Amino acid sequence: MMVLTIDSQAKPLPAPPWRRLVAIGAVAATLGGCVTFTPDGGMSPVSAEVSAAIGKDTVKIASSAEASAVQSRVNALLTKPLTADGAVQLALINNRGLQAEYNALGISEAAFVEASLPPNPVIGVERLSTGGSLDIERRVIANILALLTLPARSDIARTQFEAARQKAIEATFRTAAETRRAYYRAVASRQTASFLEQARVSADAAADLTRKLGETGAAKKLDQARASAFYAEVSNELAQARLRVGTDREALTRMLGLWGPDVDYRLPGQLPGMPRIQTAQQVEVDAIRKRVDLIAARLELDAMAKTLGLTEATRFISMLDGGWRGNYERSTVDGVRESSSPRGFELEIQIPIFDGGEVNVRRSQETYMQAVNRLMEKAVNVRSEARAAYLTYRGSYDIARQYQNSILPLRRTINEQALLEYNGMLIDVFELLTTARESIATNVAAIAAKRDFFIATVDFETAIIGGGSSAGSAEGSVVTAAAEGGN
């Protein structure tokens, strides 16, 4: 680009031209709208949406007083064993990763306010002195193109800020969902370990009894070895279950944002009872209408479309600066001192000789179409995810209910009859131990099926409102990445 500079010198004016630049800036500020920072960093719509969707409170910690209030609520929630709802509420106010997402919302608000402000003028002073001559030049320069495009840029930033709000809501939903999943895994692991503790006690008693019978000759060495092996296997399963208890509890602790003495929180000994199945109609329609990540992607696409329109409108003028210029000149000729104060204005425009703006326009068009295709792909995926989540939810409910209503009662009957027949010497130790092994495996599987149902419930809810896995969140930010690549 070549830069053309127009410099006009004129006689002193009654009203300095720099005042005109200030007037232009005031008009531009009026056109752009008066935008100020919100008291809570844009959190009010986020809190309202979260409360309406999942019935939980969320807060942005921005001061020591708010941090103290949050700690008080945390202490109150930890006074009794955590429920799933209590764990979610604790995470929403105490998880620092979620607080970082709220900080990102505040950063977006700052960008919105910045985009609504006129560009600051540039003031320059130059002083040249040679011999008896003195030349002082004063300049006030403003970006006229930025002033003219201020309303459009402010509108784009507003749309991007709305998209950032939807992302903050999605991050809140995601934190709540991941906390529920971690909670159900931690409680299920604890319940499994507790059951295996009881099974190991029974296995120990059986092994001890068989060993004593062997001392009297009433039990063969094979039966003693089988009983001892059964006890060892149950003990090994218990060790694995205890390991899962520790790791699953730590995963929940991370989601709750706890450290120090607070990590000694209490959990219930077993999963809650099975709720009634939820019936859902038109899950695809609900997902397309409610998914916050899809709403955010649409808003980002709108902002990109507006950016493309601005790029096309300014393709031939990539730089337009104007300003007021005033000089003070003083010289001495033949002992006589003379001075003058010429004033004028200057205008700088880039002439589109080599680049007519086609590069930026073509890049913006391709970036926009890329974002359109990504959004369409996401819409297809959202529909499919909603259908799959509902199928998993219904299927896991049927499986867990089958364990509760049929399989576990039958296993109890089998155990009772096997013990009666063993006492009546109708079956040997091998059959009794085999029945016990099968019963342990069935009970552990029943706990896992119940856990899977509760997790499937969380997945189904997030498939409708958003906040699924981290991978889904990364996919939802494709439009943002495309927009950044096009800048």
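Predicted model: local features only at pLDDT ≥ 70, side-chain atom pairs only at ≥ 80, totals over all residues.
At what angle do α4 and α7 pack, and how far apart are their axes? The angle is about 135°, and the axes are 9 Å apart.

## The chain as a whole

The chain has 14 helices and six strands. Of its 487 residues, 38% count as buried. The accessible surface of the chain comes to about 26,100 Å², and carbon and sulfur atoms hold 56% of that surface. Among the contacts with a separation of 6 or more, 83% are between residues 24 or more positions apart.

Two packed helices are described by the angle between their axes and the distance between the axes.

| Pair | Angle between axes | Distance between axes |
|---|---|---|
| α2 and α7 | roughly 40° | within 9 Å |
| α4 and α7 | about 135° | 9 Å |
| α8 and α12 | roughly 10° | within 10 Å |

Helix α2 covers residues 43-54 and helix α7 covers residues 150-216. Their axes cross at roughly 40°, which makes α2 oblique to α7. The crossing of α2 and α7 is right-handed. On the α2 side, the residues that meet α7 are Pro45, Val46, Glu49, Val50, Ala53 and Ile54. Their counterparts in α7 are Arg165, Ala168, Ile169, Thr172, Phe173 and Ala176. By class, this contact of α2 with α7 has nine nonpolar, one polar and two charged residues.

Helices α4 and α7 are likewise described as oblique to each other, and the crossing of α4 and α7 is right-handed. From α4, the residues in the contact are Ala84, Asp85, Ala87, Val88, Ala91 and Leu92. From α7, they are Thr172, Thr175, Ala176, Thr179, Arg180, Tyr183 and Tyr184. The contact of α4 with α7 divides into eight nonpolar, three polar and two charged residues. Thr172 and Ala176 of α7 meet residues of α2, and Thr172 and Ala176 also meet residues of α4.

Helix α8 contributes Asp223, Arg226, Ala227, Phe230, Glu233, Val234 and Glu237 to the contact. Helix α12 contributes Val429, Phe430, Leu433, Ala436, Arg437 and Ile440. By class, the contact of α8 with α12 has eight nonpolar, no polar and five charged residues.

How many of the residues of α4 are buried? The count is 10 of 11, and α4 is mostly covered. The buried residues are Ala84, Gly86, Ala87, Val88, Gln89, Leu90, Ala91, Leu92, Ile93 and Asn94. They pack against α2, α3 (64-77), α5 (96-115), α7 and α8.

Two of these residues can be followed in detail. Glutamine 89 is found in helix α4, which covers residues 84-94. Glutamine 89 has 10% relative accessibility and so counts as buried, since buried means under 20% relative accessible area. Leaving out residues up to four places away in sequence, glutamine 89 touches Lys56, Asp57, Arg73 and Leu77.

Isoleucine 93 also lies in helix α4. With a relative accessible area of 0%, isoleucine 93 is buried. Its contacts, again leaving out residues up to four places away in sequence, are Asp57, Val59, Ile61, Val70, Arg73, Val74 and Gln99. Asp57 and Arg73 are touched by glutamine 89 and by isoleucine 93. Isoleucine 93 and glutamine 71 are 22 residues apart along the chain, and their C-alpha atoms are separated by 9.0 Å.

## A buried loop residue

Is leucine 271 buried or exposed? At 4% relative accessibility, leucine 271 counts as buried. Leucine 271 lies in the loop between α8 and α9 (283-290). Not counting residues up to four places away in sequence, leucine 271 touches Tyr184, Val187, Ala188, Gln191, Ile447, Lys450, Arg451 and Phe454. One of these residues, Tyr184, is in the part of α7 that meets α4. Leucine 271 and lysine 450 are 179 residues apart along the chain, with their C-alpha atoms separated by 7.8 Å.

Key. Residues numbered from 1 in each chain as written. Heavy atoms only, no water. Axes fitted to C-alpha atoms, helices over the stretch in contact; angles between N-to-C directions. Helix = DSSP H or I, 4+ residues; strand = E, 2+ residues; numbered from the N terminus. Parallel < 35°, antiparallel > 145°, perpendicular 65-115°, else oblique. Left-handed = near helix turned anticlockwise from the far one by under 90°. Contact = heavy atoms within 4.5 Å. Nonpolar A, V, L, I, M, F, W, Y, C, P; charged D, E, K, R; others polar. Buried < 20%, exposed > 50% of the residue type's maximum accessible area, 1.4 Å probe, protein only. Areas by Shrake-Rupley, 256 points an atom, 1.4 Å probe, with all protein chains shown as cover.
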